[in-house]
Amino acid sequence: MSKADKLPYRPCVGIMLVNAGGRVFVGRRLDTPDAWQMPQGGIDPGETPREAALRELVEEIGTAAADVVAETAGWLRYDLPPHLIGKVWKGKYRGQEQKWILARFTGADADIDLATEHPEFDAWQWVEPDRLAGLIVPFKRPIYEAVVTEFRDLLTPPPD
């Protein structure tokens, strides 16, 4: 058993924020050039995944103008690559165990402000869901593919 096998997974929430056109928000990470991701972050003690999702939106993109539509049926896990174990999250975790939330953006693009107290992104864009996995660092791609598959039928709102 390796050292990493003895470490727990970090409880985390991820947010698939979708606009009215069915496109998904992604931000370009400040700490990893050319790496894009959907907002995500840890779940605080006593917090539900949905509460954590709305908090993370404010912390990462400056707005919680969103209505929660759904959450993944289960928790999705990924392991960090070996070169990152012991270096991120103070070395306490082997990867993340994530509950993903689908939320429909109810604001205007002007409401998105990356200049938050602790900025994580330096750029953002709305992308087609099928483009997501190709923008993400390789070790997270299976998670993104699973999230798109699970939420696919909910990405575009039904006609009025």
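This is a predicted model: local features need pLDDT of at least 70, side-chain atom pairs count only at pLDDT 80 or more; totals for chains, interfaces and linings use all residues.
**Exercise 1.** Describe the largest pocket by its volume and its lining.

Solution. 
- Step 1. The volume comes to about 430 Å³.
- Step 2. The lining is made up of 21 residues, and those nearest the centre are Arg29, Asp31, Gln37, Trp89 and Lys140.
- Step 3. Two elements each give two or more residues to this lining: β3 (36-37) and β4 (40-42).
- Step 4. Sorted by class, the lining holds nine nonpolar, six polar and six charged residues.

**Exercise 2.** Which side chains make polar contacts with the side chain of Arg29?

Solution. 
- Step 1. Locate the residue: Arg29 belongs to strand β2, which covers residues 24-29.
- Step 2. The cut-off for a polar contact is 3.5 Å between N or O atoms.
- Step 3. The side chain of Asp31 is joined to that of Arg29 at 2.7 Å.
- Step 4. The side chain of Gln37 makes a polar contact with the Arg29 side chain at 3.3 Å.
- Step 5. Leaving aside residues up to four places away in sequence, Arg29 touches Ala35, Gln37, Glu120 and Phe121.

**Exercise 3.** Which residues line the second largest pocket, and how do they divide by class?

Solution. 
- Step 1. By class, two of the lining residues are nonpolar, two are polar and three are charged.

Definitions and conventions: Residues are numbered from 1 along each chain as its sequence is written. Side-chain values use heavy atoms; hydrogens and water are left out. Helices (H or I, at least four residues) and strands (E, at least two) are DSSP runs, numbered from the N terminus. A polar contact is a pair of N or O atoms within 3.5 Å; within protein, one must be able to donate a hydrogen and the other to accept it, and residues adjacent in sequence count only if both atoms are side-chain atoms. Contact means heavy atoms within 4.5 Å. On a 1 Å grid over the protein atoms alone, a cavity is a set of points where a 1.4 Å probe fits but cannot get out, and a pocket is an open set with protein on both sides within 12 Å along at least five of seven lines; lining residues have an atom within 4 Å of a point. Grid points are joined across faces, edges and corners, and a volume is the space filled by probe spheres set on the points. Ala, Val, Leu, Ile, Met, Phe, Trp, Tyr, Cys and Pro count as nonpolar, Asp, Glu, Lys and Arg as charged, and the others, Gly among them, as polar.
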